[in-house]
Amino acid sequence: MSAAQEFWRWKEYRWHDPAVDWRSAEIISAGVDIGSVSSQAVILADGRLYAFSSQRTGFDSPESANQAMKWAMEDTGLTLKDLHYTVGTGYGRVNVPFADKAITEIACHARGANFMHGPSVRTILDMGGQDCKAIRCDEKGKVEAFLMNDKCAAGTGRGMEVFADLLAVPIEEVGELSLSVEEEPPPVSSTCVVFAKSEASALLRAGWPKNKVLAAYCSAMAHRVVTLLERIGVQKEFAITGGIAKNRGVVRRLEQELKLTALSSSYDSQIAGALGGALFAHTLETKRRKSGAVPATESA
Amino acid sequence: MNEKRTEPNAESGNPAAGAAVPRFSAACGTCGSTCGPQPPTATHGGDGNRQPVANQTSAGPFAAFRDWRLDRAAYARQWKQRTGGKVIGYFCTYAPEELMYAAGILPVRILGSHEVQNVTEPHIFGMFCPFCRDCLAQGLLGRYEYLDGIMIAQSCLHIRQTFTSWQKHVPIDYSYYLPMPHHVQSRHAAPFLAKELAIFQASLEDWLGRKIAAPALENAIDIYNRNRQLLWRVYETRQAADPPLSGEEALEMVLAAQMVDKQDHNAALESLLARLPERRLPRPTGARLMILGSKDDDIEFIHMVEACGATFVIDDHCTGTRYFWNNTDPDGDPLDRLARRYVQRVPCPTKDWPARTRVPHAVALAKKYGAQGAIVMQQKFCDPHEADVPALTKALNDAGLKTLFLEFDVTVPIGQFKVRVEAFLEMLREDDLF
C-alpha cells in the first residue's frame with residue numbers, strides 16, 4: 001500500500017517561536033510525551049512555550065523520544081545539553097533516555113490543560129491514541145480524581161484511524177464530514193473497534209453514505225466517553241486534550257450530550273501532556289536551584 | 001486487637017475472561033468474551049503456583065512462606081506421607097477448618113494460578129467471576145491431584161458453581177457442601193450453623209471411619225487461635241512509621257497460612273516474630289496504602305504497586321485480615337463456639353446485610369494502621385463486592401483517604417494498572433510537583 005492510501009496517517013508537525021531567544025533564558029525545561037500512537041516534545045524557555053513537535057510513535061520508545069526532541073530542537077540551535085530539566089510522560093515515560101524524571105500523563109495533562117485554559121479548568125477529558133482519561137483537578141492543575149477507560153480502546157484515536165482507513169477519508173477530515181449529515185443517525189451499537197468496523201461495513205453495504213457512517217461512529221465515541229465523564233462528575237469549566245480534541249465531529253456531539261461547551265484554546269490540544277511535563281520540569285528545576293542541589297542532569 | 005465484630009466474610013472471587021492463549025489477557029471487559037489480544041500481562045508458573053517475581057523482596061524471614069506457596073503441591077504430598085492424613089481443598093474461608101484439622105485432615109484453600117486458560121468455558125457462566133473460573137481450571141488441569149476431598153461453605157453462587165463443576169468433572173473421593181447461613185446477622189444463624197457443623201462432623205467421621213475425639217477438636221481450636229494471634233502480632237508491627245515488612249510479604253505469609261499445617265505455620269511465625277524487631281525494609285516506606293477487596297492473591301500486582309514507592313500496611317480481603325481477624329471463644333460447646341466464630345467474623349459482602357458492618361470496620365482499620373490511600377479492588381462481575389464499592393469509597397473518602405478503584409481479572413494488565421497506580425501515588429504525594 002502506498003503512503004497516499006493510508007488515510008489514517010495524520011500530519012506530523014513542529015513549531016518554534018523565532019521571537020524568543022532561548023540563550024537568554026534562565027531555565028530551559030522540556031517534556032516528552034511518548035504515547036501509544038503519537039509522541040510530542042515541548043520545550044519551555046523560562047516557563048514560556050518555545051518549541052514543540054508531534055510525530056508518530058515508533059516501536060522503539062527511546063528512539064521515538066530522541067526523534068521527537070531532536071525535531072523540536074531543529075533550527076533552534078538547542079541541544080540536549082542545554083535542557084536543564086526534562087520530564088518524560090506517557091505510555092513510554094520510563095523510556096525517555098534523557099529525562100530526569102517520569103511523571104504520569106494523567107498529572108501532566110491536568111497541568112498542561114491548566115496552562116492552556118487557565119486556572120478555572122476543573123474537568124479534563126484526554127482523548128488519546130489508545131486510552132481515554134477523565135480528570136478532575138484543582139486551580140493549580142493538581143489531580144483530584146481520575147478515571148480511565150479500562151474495558152477496551154473503543155472511543156480512542158486508534159479506533160478513529162481504523163474508520164478513516166475503512167472509509168478512505170483522510171483522518172483530519174473525518175470530523176467535518178461526519179457533521180455534514182442532514183439527520184443524525186443512531187450511533188453504532190458495538191463498543192469494540194473491531195466489531196464496530198464490521199457493523200460499519202454492513203451499513204455501507206446497506207447503502208449508507210460515508211458521512212452517515214462516520215456520524216454514527218463519532219456519535220458512539222462521544223456517547224462512550226460521556227459515561228466516563230459522568231462517573232467522575234463534569235464541571236462547567238471543561239476542556240478536551242489529546243488528538244481527538246481536533247475532531248469536531250466527536251467534540252460537537254460530546255458537547256451536545258453534556259450540554260456544555262468545551263473551553264477553547266489557541267494551543268495545540270495534542271501537546272497538553274508534553275506541555276504539562278515541561279511545566280513540571282520548570283518547577284522541579286526551580287526547586288532544585290533553590291535547594292542548591294546538584295543539577296539533575298549531572299547527578300543522573 | 002481481636003475486635004468485636006459480627007460479620008461474615010466473603011471472598012469468592014470473580015469472573016473473568018474466556019479462553020485464550022498464554023501471554024495475553026483474553027478478556028474483553030466490555031463484551032465479556034475473547035475479543036482480541038490485549039497487551040501482554042504477567043504470566044505465572046503452573047501447578048497452582050506462580051513463579052517468583054523478579055526482585056522479590058521476600059527473602060530472609062519470609063522465604064519459608066514463599067517457598068510453601070510456590071510448591072504447595074509438594075508440601076501437601078509430603079504432609080500426607082508424614083502424617084498419613086488426608087487433604088481437603090476448600091473454596092471459601094467460611095470453611096470450618098478446625099473441624100477438618102481435628103479429624104487429621106489438612107484443609108487447604110483452592111486458589112487460582114493467574115494464568116490464561118481455555119478449559120472452563122463450557123462449565124462456568126460467562127458473567128461469573130474470574131476467580132471462580134481460575135479455581136476450576138486448576139482442578140480440570142489436574143493441579144490438585146493430591147486432594148482427597150473438596151468442600152465449600154456457602155458464600156456466593158459463582159464459587160459454588162466451581163465446587164459443583166469440580167464435583168462433576170474432577171474425580172474426587174469426598175465432597176461436601178456446607179450450607180453456611182447467609183443471614184449471619186440473624187440470631188438464628190449461629191445455632192443453625194452449629195447443627196450444620198454437627199452434620200458435617202458426622203459426614204467426615206463416616207468418610208474416615210473414625211470419630212473425631214473431643215480433645216482433638218479442642219486442640220485444633222487452640223492451634224488455629226494461636227495462628228490467628230501470631231498473624232495479628234505480625235500485622236500489628238505494620239502500624240509503625242516504617243513497617244518491618246512489605247504488603248507483598250504479608251500476603252505471602254497469609255497465603256501460606258491457607259496452604260500448610262497450622263503447626264508448621266505457627267513455628268514459622270514464632271521465628272519471624274523473633275526476627276522482626278530488628279528488621280527494616282531495604283527501601284523507604286513511601287505512601288501507606290490499604291487494599292480492600294475479595295481475595296487479593298495477585299503477588300505481581302502487589303509487587304508492582306510497592307515498587308512504585310508505596311507500602312501496603314493493612315488490608316480487608318480474604319487472603320488477608322478477613323481470614324484470620326476473629327478468634328474462637330475458649331469456653332463452651334466446641335461446635336457452638338466454632339459456629340459463633342464463623343458467623344461473627346469480618347463478613348464477606350455476600351453476608352453483610354441488612355447492616356453494612358464491614359464498612360466501619362474497614363475505616364477503623366485504615367485509621368489504626370495510618371493508611372493514606374486505599375486501593376479498592378474487585379473481581380470482574382463480582383456483584384456483592386461491587387455493591388459495596390460506593391459505600392466503601394465514600395466512607396474512606398470521608399475519613400480522609402483517597403481511593404483508587406481497580407477491576408481485576410485472572411491476569412492483570414500490569415502496564416495499564418501501573419499508570420493508574422502511579423497517578424494515584426502522585427495524588428497522595430501532596431505538592432511535590434507544584
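In this predicted model, chain B and chain A bury about 2,100 Å² between them, of which 60% is given by carbon and sulfur atoms, buried area being the accessible area (1.4 Å probe) that two parts lose on being put together, summed over both. On the side of chain B, the residues that lose the most area to chain A are Arg420(B), Leu433(B) and Phe434(B), which together account for 33% of what that side buries. In terms of contact (heavy atoms within 4.5 Å), 20 residues of chain B meet 26 residues of chain A. Residues are numbered from 1 along each chain as its sequence is written, and chains are lettered from A in the order in which they are written. Local features need pLDDT of at least 70 and side-chain atom pairs count only at pLDDT 80 or more, whereas totals for chains, interfaces and linings use all residues, and side-chain values use heavy atoms, with hydrogens and water left out.

One salt bridge is counted between chain B and chain A, the term standing for a side-chain nitrogen of Lys or Arg within 4 Å of a carboxyl oxygen of Asp or Glu. Glu422(B) and Arg93(A) form a salt bridge in which the closest N and O atoms are 2.8 Å apart. Six residue pairs, both residues at pLDDT 80 or more, are in polar contact across the interface of chain B and chain A; such a contact is a pair of N or O atoms within 3.5 Å, where, within protein, one must be able to donate a hydrogen and the other to accept it, and residues adjacent in sequence count only if both atoms are side-chain atoms. The elements of chain B that give two or more residues to the side touching chain A are β8 (402-408) and α15 (414-428), helices (H or I, at least four residues) and strands (E, at least two) being DSSP runs numbered from the N terminus. The largest share of that side, eight residues, comes from α15(B).

Within chain A, an automatic or database domain assignment gives domain 1 (13-112 + 270-291) and domain 2 (122-262). The centres of domain 1 and domain 2 of chain A, taken over C-alpha atoms, are separated by 27 Å, and the contact takes eleven residues from domain 1 and 18 residues from domain 2. These two domains of chain A bury about 1,200 Å² between them, 65% of it on carbon and sulfur atoms. Zero salt bridges are counted between domain 1 and domain 2 of chain A, while five residue pairs, both at pLDDT 80 or more, are in polar contact across their interface.
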